[in-house]
Amino acid sequence: MDNNNTIAGWVLAGGIAALGFSILSGKYFHADGNERPETMGYIIEGVETADSGTDEVPMSMMLAKADIAAGEAVFKKCIACHTINQGGANGIGPNLYDSLGKPHGHVAGFAYSDALKSIEGDWNFDNMNAWLISPRKYAPGTKMTFAGLGKPEDRANVIAYMNAQGSNLPYPEPPTEEAPAEGEEVVDAGAPAEAEAAAAAEQVAEETAEASEAAAEE
Ligand code: HEC
């Protein structure tokens, strides 16, 4: 009987020790700055095929790979409401010729919503991207009843196509090549973590010093 309890006790202790170790090692590995960017790298790759609105790749990089012909095909989703030829008629939505680089709601004679018209600034690649992710979020109260384009590729392609219809704005510079950009992330992610750890260590050292000073004074 006693023996059984002892065995049960050791099994329990072993289990607790194993649990403790896995919690600690979990903490350790999560705190390890080098592991994070690796995981993030995989996530970024996944985004390209993902059908979600999350947009981790900057539009400038998407545009560099954009395909105007593919964008024309995506634009079929817009032609129920929009023309894009020069001098084309307004439909349910305004004519979109030469719209990049123009103020929000620039087409004369189209009855825009106040929601869209009141947005300051010109259309550019970034705000056009945000608009096409979700018109409703970009301009709450807009009359454009279109859910949005979930795929970053679709948005980049259609924006490239729209740009080719009159606007012809130069594409923004992509950050750099992909590989160095990932390398930078390692540095970026690692540096603050290290700095934090150093700061924390310093604080502990200070507190210890203060405590021993206080003890000495007493
Ligand atoms: C169901 C009809 C509909 C569809 C589909 C639609 N739009 Fe629109 N769009 C509108 C309306 C209506 C407006 C005016 C919005 C307002 O005034 O709030 C608009 C406005 C716009 C504007 C702003 C133009 C300006 O002069 O400021 C852009 C850009 C635009 N749409 C692009 C697109 C693109 C690209 C697509 C396809 C991916 C698309 N729209 C699909 C109805 C539509």
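1. Aspartate 98 counts as partly exposed because it has 17 C-beta neighbours inside 10 Å, where a residue is called buried with 20 or more other C-beta atoms within 10 Å of its own, exposed with 12 or fewer, and partly exposed in between, the C-beta atoms being placed from the backbone. Aspartate 98 lies in the loop between helix H4 (68-74) and helix H5 (114-117), and although it is not a glycine, its phi is positive, at about 60 degrees.

2. The model is a predicted one, in which local features need pLDDT of at least 70 and side-chain atom pairs count only at pLDDT 80 or more, while totals for chains, interfaces and linings use all residues. Residues are numbered from 1 along each chain as its sequence is written.

3. Asparagine 168, also not a glycine, has a positive phi of about 50 degrees and sits in the loop between H8 and helix H9 (178-217). Asparagine 168 is exposed, with 10 other C-beta atoms within 10 Å.

4. The protein chain has 9 helices and 0 strands, helices (H or I, at least four residues) and strands (E, at least two) being DSSP runs numbered from the N terminus. Of the 218 residues in the protein chain, 16% are buried. Among contacts (C-beta atoms, placed from the backbone, within 7 Å) between residues at least 6 apart in sequence, 61% join residues at least 24 apart.

5. Leaving aside neighbours within four places in sequence, alanine 156 is in contact with Met59, Met62, Leu63 and Ala66.

6. In H6 the buried residues are Phe125, Asn129, Trp131 and Leu132. Seen down the axis of H6, they fall within an arc of 160 degrees, so they line one face of the helix, the arc being that of the directions from the helix axis to the C-beta atoms. These buried residues pack against H3, helix H7 (135-138) and H8.

7. The ligand is surrounded by 27 residues, of which the closest are Cys78, Cys81, Gly93, Ser113 and Met144; a residue is near a molecule if its C-beta atom, placed from the backbone, lies within 6 Å of it. The shell around the ligand divides into 16 nonpolar, 9 polar and 2 charged residues, with Ala, Val, Leu, Ile, Met, Phe, Trp, Tyr, Cys and Pro counted as nonpolar, Asp, Glu, Lys and Arg as charged, and the others, Gly among them, as polar.

How values were computed:
Contact = placed C-beta atoms within 7 Å.
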